[in-house]
Every structure is written in C-alpha cells, then in structure tokens.
Amino acid sequence: MLTSVDTDLIRVLADPLRLRIVTLLAHETLCTTHLVEETGARQTNLSNHLKVLREAGVVETEPCGRFTYYTLRPDVIEAVAGAFSELAAAARTTAAADKKRACP
C-alpha cells in the first residue's frame, strides 16, 4: 500500500526535470555544473530542483572545493519501486480471483 511518504516521493519524482536529474545520477555522481550541461536548465532552476530532491532524501550532497556533488540514494528509489510492486501484486491477485464489488 502506498503511504503518504511514498506519494510525496512520487510527486517529487513526477517533475520531468527532477526525473532527468535522478536518471543522470543513477549512472554517475555529478556536480551542479555537469547537471546544467546535461539538462540545459538554468543553474538557479536546477538548484531549486536539487533542493527539493535533497529535502525529500532522494539525493545526497558531497562538497568538493567550490563544487557540490550529488549522489542518488538507491534505497529511496527501491522503496518507491517496492510500493508499486506491491500494487501490481495486489492487482494480479484481484484479477485472478475475479474480485468485484457488487453495485447497490
């Protein structure tokens, strides 16, 4: 069952730019400069999206000189994926049992 935490994370990940950032970070740790180059987003816009991802616990930061590197937290993505897997399993069970609620 999806919890309120799961639905909050889904909202965070539903934004196309944030999803693009997460996809990029799944493959390598990147700094803001790299993310600006890869996404074409303005630095201020990107920083705001990174703040949302950080506050949701999706990414972690690592300062390195004057740059900040971002790393994806796979456990958070796995938790959301697990919630969707549970929904899919419930739907399969419902379909197999041909469960229908009777109309009044």
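Helices (H or I, at least four residues) and strands (E, at least two) are DSSP runs, numbered from the N terminus. This is a predicted model, in which local features need pLDDT of at least 70 and side-chain atom pairs count only at pLDDT 80 or more, while totals for chains, interfaces and linings use all residues. Residues are numbered from 1 along each chain as its sequence is written, and side-chain values use heavy atoms, with hydrogens and water left out.

Start with the whole protein chain. Five helices and three strands are present, in the order α-α-β-α-α-β-β-α from the N terminus. The C-alpha trace spans about 65 × 25 × 20 Å along its principal axes. Of the 104 residues, 26% count as buried (under 20% relative accessible area, 1.4 Å probe, protein chains only).

Next, colour by pLDDT, the predictor's confidence in each residue, from 0 to 100. The chain averages 91, and 95% of the residues score at least 70. Helix α1 (residues 4-14) has the lowest mean, 84, and α2 the highest, 97.

Now select helix α2 (residues 16-27) and helix α3 (residues 32-39). Their axes come within 11 Å and cross at roughly 115°; axes are lines fitted to C-alpha atoms, for helices over the stretch in contact, and angles run from 0 to 180 degrees between N-to-C directions.

Show the side chains at this crossing. Contact (heavy atoms within 4.5 Å) is made by Leu-17, Arg-20, Ile-21, Leu-24 and Leu-25 of α2 with Leu-35, Glu-38 and Thr-39 of α3.

Terms used
Buried means under 20% relative accessible area, exposed over 50%, partly exposed in between (1.4 Å probe, protein chains only).
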